[in-house]
Amino acid sequence: PQTIHLADYRPFPFTLGEVQLTFRLAPAATRVLSRFTLAPKGGREDLVLFGAHLRLIRAAVNGAEIRAEPKDGQIRIAAADLPEGPFTWEAEVEIDPAGNTALEGLYMSNGMYCTQCEAEGFRRITFYPDRPDVMTTFRVRIESDLPVLLSNGNPVAEGPGFAEWHDPWPKPSYLFALVAGDLRAHPGQFTTRSGREVALNIWVRPGDEDRCDWALTSLKASMRWDEEVYGREYDLDIFNIVAVDDFNMGAMENKGLNIFNSRAVLARADTATDADFMRIEAIIAHEYFHNWTGNRITCRDWFQLCLKEGLTVFRDQQFTGDLRGAAVKRIEDALTLRDRQFREDTGPLAHPVRPSSFVEINNFYTATVYEKGAELIGMLKRLVGDAGYKAALDLYFTRHDGQACTLEDWLKVFEEATGRDLTQFARWYSQAGTPRLEVSEAWDEAGVFTLTLRQSQPETPDGVEKLPLHIPVVTGLLNPNGDELAPSVTLELTETEQSFRFEGLSTRPIASVLRDFSAPVILSHRQSDATRAFLLAHDSDPFNRWEAGRTLSREVLARLISEGTPPSADWLAAMAALLRDESLEPAFRALCLRLPGEDDMAATLAGSGLVPDPHHIHRARRSLQTTLARHLAPQLPGLIRAMTPQGPYSPDPTSTGQRSLKNMALALQTRLDGGAAAQSAWQAADNMTDQMAALACLIEAGCAGTALRAFEARYGGDRLVMDKWFMTQVLCAPPETAADVAEALTAHPKFDLKNPNRFRAVFGALSANHAGFHRADGTGYRLLADWLLRLDALNPQTAARMSTAFETLPRYDADRQAMMREELQRLKAAPRLSRDLGEMVSRMLG
Ligand code: HT7
Ligand code: ZN
């Protein structure tokens, strides 16, 4: 397969006029008629139009039929065969939405037509310059007897069997969308700050109308927030959201017609958990925010993906922080970053935030592009300050509206708006790998405290030479009595090693470094347990307060794993004190109580040169939980009672935080009573959050048979809730049986290989069950590889994404590595392996 390189970028040599599309919908034989003008930008060049899985019926230039030969996914018409000036291109193609299981292009889901065009799905709809830097307006006619016919922009005409839409905003083809089906609207309305009346609709399948309220509330909150915080208004008369069951990712920001995985839209107290409600709120916001950061200003080419994704993730994180509390949000984001992005960055799939080559772009919708991309925006904001950030964003929106941009354009607006030189900062975009930041301290009795910061960059598979990065390190100093000595400062580390002096101090301070997780680095700062406990009790920076506790817990667990050392009384006392401290938000206390996960511990051990044993880690973590539970036993029942919100279910931040602390306490209690409290919680649960928490405890306690049967009987017909039923059984299964449970579930009549949510429920859970997936006999590896092969034949994108379960291969012992390699080799050798999965497997094999 061909590798695409950033360095090979060439502008498209023609300017496009408005695109006219007519769709004559039929499940297995939809006709698509396209028509647009092309004007050479100067010079004479071949015309290249991409197309895949299309049956060409007819093509014409300036009305005259031509013989076009599709070859290797494109039609090329030699410059000599084209008119000299502007000309019109027309084509008619036939496509098969019902047979499209890849869920890219136009496909069918439960009798409904829908599209997914990012990144290169439009070429499965018609021949087109399917690249993000070709922007134009679209006029669309849909012919079908289905009652609801939607496309981008504003509706312009409708009648029996047809509808017409016009999108006045120039857009690239990846933002095109079409939906047709028997759908019901949950309507709403929004008035923009300049007085534009916008009709809002959440479109769902009949029966799902009562699960749309939360999505609509979240949408309105997002629209208001973007006006207030970024000064960005919505720009059409209508905004439609459609829920689809079969979908490869979370959602898609098509102009004026967002298409969502139904799990990222539908929620009701009895079907969705707090985590679901929060995820929906964040994804609705994310897709809506793309209207400006992605749609009005898009990417020149797919190497610039983080330009829209990093920025939009940063914006949705800010939104959630404003709505739900910035401290807890920052901790959750750091946890996600470390779990997913650090994991990617330390393995064979490491790549820079702006990659320089790819085989299949769908493989680069990664934690690095999204989450690390967002961290880079956060660092920029920190370096230029809030006012500088605002000035830069205002300049970005005015200068680049309607354009397809690069990261150079983005950094330039920051340089011009703030006068800062970002040449060194730009290295963050091209250097893969998680930097390490070592901190050492010196104190001299003359009252000078010196912090020495040293950065190092790991080697990564691309072999790129690493240069020092520009790292903002927010730092505070505390007095031994716990008071702050001065406001936090941002130390700017630009050399490999730099020392920063703090003078005129009367006593040796306690340093709180990398506050608010001000850079995506691995911090190594040798501090005693007593110092960490002090910071856990006193740090005014909530992130570092949590981080001190986290580091303590990680070290306690690491010592238990590697030396069998039981936890110190100090750690147990610190945890108990924290739990009792009612001045702390419940959500924060729950986060502090959460022990590092098994995968996290495997990464920690591997990072210190040890070979992690998944079973040993599992046993040690369980035993630490039990010890902690015993120590906290007197507090647990009271906490479970006190943290049960009264009144009807609400996903507000306070109730959500209370439930998370309550269910954390329930999990600990289960370590002591074998599931008795969980049994009562299961009976009493009046919402899905509590139900799922109790069910997980019952499975872990080995007494969930009745509950699982009752759950299935009650929710058997509910797709999204049944995903939870599939997922939780595998996730919470003991390591010895997780793969068997997963395999048995694939024989369940409701297991559906064509539905990515269901596949992810079973196999995402298997790879997340760390010790279960890494079972010593290799059954976890084999089962996943078997099913990846089956899925790849239908849906390469999701198969490739799920294959990342193997990305941690280099961490483990020789036997496990050999077994993982064997499975990857087996995949690689499979006939008809997709380009998507093929690229991932090759990269993981190195
Ligand atoms: N921009 C979108 C990324 C995307 C996608 C979404 C759904 C299905 C397939 C997809 N391929 C790429 C989603 C986002 O980041 O908002
Ligand atoms: Zn996005």
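1. The buried residues of α1 are Trp214, Ala215, Leu216, Ser218, Leu219, Ser222, Met223, Trp225 and Asp226, where a residue is buried if 20 or more other C-beta atoms lie within 10 Å of its own, exposed if 12 or fewer, and partly exposed in between, with C-beta atoms placed from the backbone.

2. Please keep in mind that this is a predicted model, in which local features need pLDDT of at least 70 and side-chain atom pairs count only at pLDDT 80 or more, whereas totals for chains, interfaces and linings use all residues. Residues are numbered from 1 along each chain as its sequence is written, while chains are lettered from A and ligands numbered from 1 in the order in which they are written. The chain averages a pLDDT (the predictor's confidence in each residue, from 0 to 100) of 98, and 100% of the residues score at least 70. For the complex, the predictor gives an ipTM of 0.98 and a pTM of 0.99.

3. Helix α1 (residues 213-230) has 18 residues and spans 25 Å from its first C-alpha to its last, which is close to the expected 26 Å, the expected span being 1.5 Å times one less than the number of residues. The residue that follows α1 is Gly231, with a positive phi near 65°.

4. Around ligand 1 there are 13 residues, of which Gln116, Glu118, Asn248, Met249 and Met252 come nearest; a residue is near a molecule or strand if its C-beta atom, placed from the backbone, lies within 6 Å of it. The shell around ligand 1 divides into five nonpolar, four polar and four charged residues, on the convention that Ala, Val, Leu, Ile, Met, Phe, Trp, Tyr, Cys and Pro count as nonpolar, Asp, Glu, Lys and Arg as charged, and the others, Gly among them, as polar. Both β20 (251-252) and α2 supply at least two residues each to this shell. Glu118 is also joined to Ala119 by a cis peptide bond, with omega about 0°, and Ala119 is found in the loop between β11 (112-116) and β12.

5. The domain assignment gives domain 1 (1-182), domain 2 (298-430), domain 3 (436-526) and domain 4 (529-673), such bounds coming from an automatic or database domain assignment.

6. Two residues in the loop between β30 (510-513) and β31 (522-525) deserve a look, namely Ser518 and Leu514. Ser518 is buried, because 23 other C-beta atoms lie within 10 Å, and, leaving aside neighbours within four places in sequence, Ser518 is in contact with Arg382, Pro472, Val473 and Val474. Leu514 is likewise buried, with 23 other C-beta atoms within 10 Å, and has a positive phi near 65° although Leu514 is a residue other than glycine.

Note on methods
Helices (H or I, at least four residues) and strands (E, at least two) are DSSP runs, numbered from the N terminus. Two residues are in contact if their C-beta atoms, placed from the backbone, lie within 7 Å.
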